[in-house]
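Please look at the structure shown here, and keep it open while you read the notes that follow. They take up its salt bridges, then its strands and helices.

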Amino acid sequence: MPVSSGEFSYRLLSPVLVFAVLLKTHPLARRKVNEVEEVSKYPLMALQRGYSSRTWFDAECESAQVRPTVLVESTTAHTITELAAVGHGIAVVPSTSEVRALLRAIPIVNRGISIGRWVGVCWNPRRALPSYAELF
């Protein structure tokens with residue numbers, strides 16, 4: 001249901017969480033969730049700074065007082081998940097990323113709480129929400 005807030009109307013769509021993407025043979029692959037402290041002990045590959053999921057991950061690392069070793073930064077989640085697929089480390093990506101069958105995507109949490117945010121759509125309430133946006 002749309003909500004109006006001043007100049008804009010908005011609708012929440014879905015949560016986007018931060019996932020650790022790793023080989024199914026990795027020691028952390030058997031868990032349902034991975035604490036940020038545990039993930040940070042391994043070599044990581046992440047999106048460049050400025051991407052929302054990276055900002056959320058970095059903030060939770062700071063909150064947990066851990067300094068992860070980020071070996072590779074990329075502008076695409078696909079690049080770092082492919083590097084994870086050949087064993088170069090753990091890819092830290094948003095839950096909206098595609099993951100190959102030989103990989104596991106596991107939510108990263110801080111003190112048991114998922115890292116991420118809800119995403120939504122905003123529009124000018126004086127105009128109709130386009131039909132393609134209604135499909136979300």
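In this predicted model, the side chains of Asp58 and Arg54 meet in a salt bridge, with N and O 3.0 Å apart; the term stands for a side-chain nitrogen of Lys or Arg within 4 Å of a carboxyl oxygen of Asp or Glu. The model is a prediction, so local features need pLDDT of at least 70 and side-chain atom pairs count only at pLDDT 80 or more, whereas totals for chains, interfaces and linings use all residues. Residues are numbered from 1 along each chain as its sequence is written, and side-chain values use heavy atoms, with hydrogens and water left out.

- Asp58 and Arg54 both belong to helix H2 (residues 52-63), where they are 4 residues apart, about one turn of the helix; helices (H or I, at least four residues) and strands (E, at least two) are DSSP runs, numbered from the N terminus.
- An α-helix has 3.6 residues a turn, so residues three or four places apart point the same way.
- Arg54 is buried, with a relative accessible area of 3%, while Asp58 counts as partly exposed at 21%; buried means under 20% relative accessible area, exposed over 50%, and partly exposed in between, using a 1.4 Å probe and protein chains only.
- Arg54 also forms a salt bridge with Glu73, and here the closest N and O atoms are 2.8 Å apart.
- Because Arg54 lies in helix H2 and Glu73 in strand S5, this pair ties together parts that are 19 residues apart in sequence.
- Glu73 is partly exposed, with a relative accessible area of 40%.
- A network of salt bridges links Arg49, Arg54, Asp58 and Glu73, and a search of the whole structure finds 5 salt bridges.

**Glu38 and its surroundings**

- Glu38, which lies in helix H1 (residues 36-39), forms a salt bridge with Lys41, and their closest N and O atoms are 3.0 Å apart.
- Lys41 counts as exposed at 60% relative accessibility, whereas Glu38 is partly exposed, with a relative accessible area of 25%.
- If residues up to four places away in sequence are not counted, Glu38 touches Leu28 and Arg31, where contact means heavy atoms within 4.5 Å.

**Strands S4 and S5**

- Strands S4 and S5 pair in the parallel sense over 4 bridges; two strands pair if DSSP finds at least two bridges between them.
- The bridge partner of Leu44 in S5 is Val70.
- The chain crosses from S4 through H2 to S5 in a right-handed β-α-β crossover, which means that, with the strands pointing away from the viewer, the path from the first strand over the helix to the second runs clockwise.

**Helix H3**

- In helix H3 (residues 77-85), the buried residues are Ala77, Ile80, Thr81, Ala84 and Ala85.
- Seen down the axis of H3, these buried residues fall within an arc of 155°, so they line one face of the helix; the arc is that of the directions from the helix axis to the C-beta atoms.
- The buried residues of H3 pack against several strands, including S2 (8-23), S6 (90-94) and S7 (103-110).
- After H3 comes Gly87, whose phi is positive, near 85°.
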